[in-house]
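Hi everyone, thanks for coming. Let's look at a protein together, starting with the structure itself on the screen.

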Amino acid sequence: MSRIDELIADKCPDGVAFRTVGDVTSKASKVKWPSTAGAPFQYIDLSSVDRNTHRIGVTTTIAEGNAPSRAQQIVEAGDVIFATTRPAQMRWAVIPDQYSHQIASTGYCVLRPDTSVMLTGFLAHMLGSDDFRRYVEANQVEGNYPAIPDGRVRAYRLPVPPLEVQREIAGILDKFSQLKAEMEAQLEAELEARRRQYDYYRSNILTFDDDVERVFLGDVATIGTGSHDTKDAVADGEYVFYARGREPFRLDSFDFDETAIITAGDGVGVGKVFHFASGRYALHQRAYRIVPGEQIDARYLYHYLVADFTRYLERTSVHASVTSLRRPMFLRYPVALPSFEEQRRISSILDKFDALSTDLSIGLPAEISARRKQYEHFRDKLLTFEELPA
């Protein structure tokens with residue numbers, strides 16, 4: 001019998017009480033900027049927390065004069081923060097000593113455990129559990145940016161075992177998650193090395209002698225943009241669309257085939273290339289559609305753009321408040337054009353390399369995924385309790 005089994009048999013053999021998060025935590029206080037006298041603070045925004053390590057990474061220094069409107073919550077060491085914007089991403093962290101009395105975004109629900117009944121580490125691991133993830137998905141408010149109100153986070157019912165049991169479980173999961181993080185870091189480093197190797201190989205295989213014909217993209221492909229009206233793609237009540245913001249557009253499958261290379265043409269998506277090989281799509285006017293002609297293989301063109309287009313973009317794009325790429329620049333983009341058979345051979349080789357570095361069912365990415373699933377299974381098993389009869 002394990003130490004945890006012994007503790008449960010001794011301290012809570014018939015089950016444990018379940019209470020809401022709000023019952024075992026308190027809220028953070030709000031900063032009063034005029035009273036800070038211009039003092040600097042570290043600001044924890046939604047991008048500060050790493051979704052894999054659940055640690056606070058990069059923060060920004062703010063003061064009364066430049067504080068964002070969402071910089072309002074004073075956090076203390078031992079607080080647990082959970083991102084309520086895009087909550088299904090499960091972005092949570094424990095505030096370490098170095099960020100005590102600093103400022104967090106209102107995009108976080110700040111939970112201050114009552115340590116007489118709920119330990120910080122135990123609460124943090126509960127917020128990472130699969131049960132809480134399902135609760136979040138069922139209770140978030142849908143929209144362009146899904147969110148879950150703080151009140152719903154605090155309404156989540158969780159087991160509250162005796163402190164000795166919580167401490168043992170949290171200690172085991174801390175060690176396990178640390179080991180997982182170290183192993184993942186090693187695997188990620190090896191994977192990154194393989195990706196760099198692949199990028200190098202791809203650049204070399206797509207470098208040609210002077211005797212290979214060069215053509216302008218506009219001479220071998222039809223280039224156009226989308227329209228404002230994404231409803232053009234509605235079919236049987238479904239549609240796909242280009243979304244403004246971090247994602248250049250969204251694609252779903254439909255019943256007819258079309259081959260196209262699509263690249264975003266504006267904002268943060270500039271230069272990001274996609275290969276869309278089947279289905280129906282709607283494309284925003286700030287993305288370009290490239291339909292290859294008979295002379296050029298679509299997959300070859302995709303790999304060529306991925307390997308070379310960023311350099312071309314840096315030389316020719318229009319830099320203003322929003323970096324943009326004009327259609328004439330696409331039309332005059334130079335592409336090396338070996339024989340069609342050679343294009344197919346190259347794209348086949350690069351597809352295999354691409355799968356090795358990105359497909360979660362192959363190689364190192366699969367091992368990283370397996371480690372995470374192993375940890376999640378172990379964590380959820382430790383955090384599952386019988387509830388005391390009413």
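I'll begin with the overall picture, then go through the helix packing and a handful of residues.

One thing to keep in mind: what you see is a predicted model. The protein has 390 residues, and 42% of them count as buried. In it you can find eleven helices and 17 strands. The exposed surface comes to about 20,800 Å², with carbon and sulfur atoms supplying 49% of that area. Now take the contacts between residues at least 6 apart in sequence: 75% of these join residues at least 24 apart.

Let's move on to the helices. Two packed helices are described by the angle between their axes and the distance between the axes. Please find helix α1, residues 3-11, and helix α6, residues 163-205. Their axes lie 9 Å apart, and the packing angle is about 165°. Angles over 145 degrees count as roughly antiparallel, and α1 and α6 are therefore roughly antiparallel to each other. The crossing of α1 past α6 is left-handed.

Which residues of α1 and α6 meet? On the α1 side we have R3, I4, L7, I8 and K11, and on the α6 side E164, V165, E168, I169 and I172. Sorted by class, this contact of α1 with α6 holds six nonpolar and four charged residues, with no polar ones.

Helix α6 has another partner, helix α11, which covers residues 363-382. The angle between α6 and α11 is about 170°, and their axes are 9 Å apart. That makes α6 roughly antiparallel to α11. By class, the contact of α6 with α11 counts 13 nonpolar, two polar and nine charged residues.

Before we leave the helices, have a look at α3, residues 120-127. Is α3 mostly covered or mostly exposed? Mostly covered, with seven of its eight residues buried. The buried ones are T120, F122, L123, A124, H125, M126 and L127.

Next, the backbone. Most residues other than glycine have a negative phi, and most peptide bonds are trans. With that in mind, go to the loop between β7 (80-83) and β8 (92-94), where R86 sits. R86 has a positive phi, near 50°. In that loop between β7 and β8 you will also find M90, with a positive phi near 55°. How much of each is accessible? R86 is partly exposed, with a relative accessible area of 29%, while M90 counts as buried at 10% relative accessibility.

Leaving aside residues up to four places away in sequence, S105 touches Y43, I44, D45, R70 and Q73.

My last stop is D14, in the loop between α1 and β1 (17-20). Is D14 buried or exposed? D14 is exposed, at a relative accessible area of 61%. What does D14 touch, once residues up to four places away in sequence are set aside? The answer is E387, L388 and P389. Along the chain, D14 and P389 are 375 residues apart, yet 8.2 Å separates their C-alpha atoms.

That's my tour, and I'm happy to go back to any of these spots.

How values were computed:
Residues are numbered from 1 along each chain as its sequence is written. This is a predicted model: local features need pLDDT of at least 70, side-chain atom pairs count only at pLDDT 80 or more; totals for chains, interfaces and linings use all residues. Side-chain values use heavy atoms; hydrogens and water are left out. Axes are lines fitted to C-alpha atoms, for helices over the stretch in contact, and angles run from 0 to 180 degrees between N-to-C directions. Helices (H or I, at least four residues) and strands (E, at least two) are DSSP runs, numbered from the N terminus. Angles under 35 degrees count as roughly parallel, over 145 as roughly antiparallel, 65 to 115 as roughly perpendicular and the rest as oblique. A crossing is left-handed if the near helix is turned anticlockwise from the far one by less than a right angle, and right-handed if clockwise. Contact means heavy atoms within 4.5 Å. Ala, Val, Leu, Ile, Met, Phe, Trp, Tyr, Cys and Pro count as nonpolar, Asp, Glu, Lys and Arg as charged, and the others, Gly among them, as polar. Buried means under 20% relative accessible area, exposed over 50%, partly exposed in between (1.4 Å probe, protein chains only). Accessible areas come from the Shrake-Rupley method with a 1.4 Å probe; for residues, only the protein chains shown count as cover.
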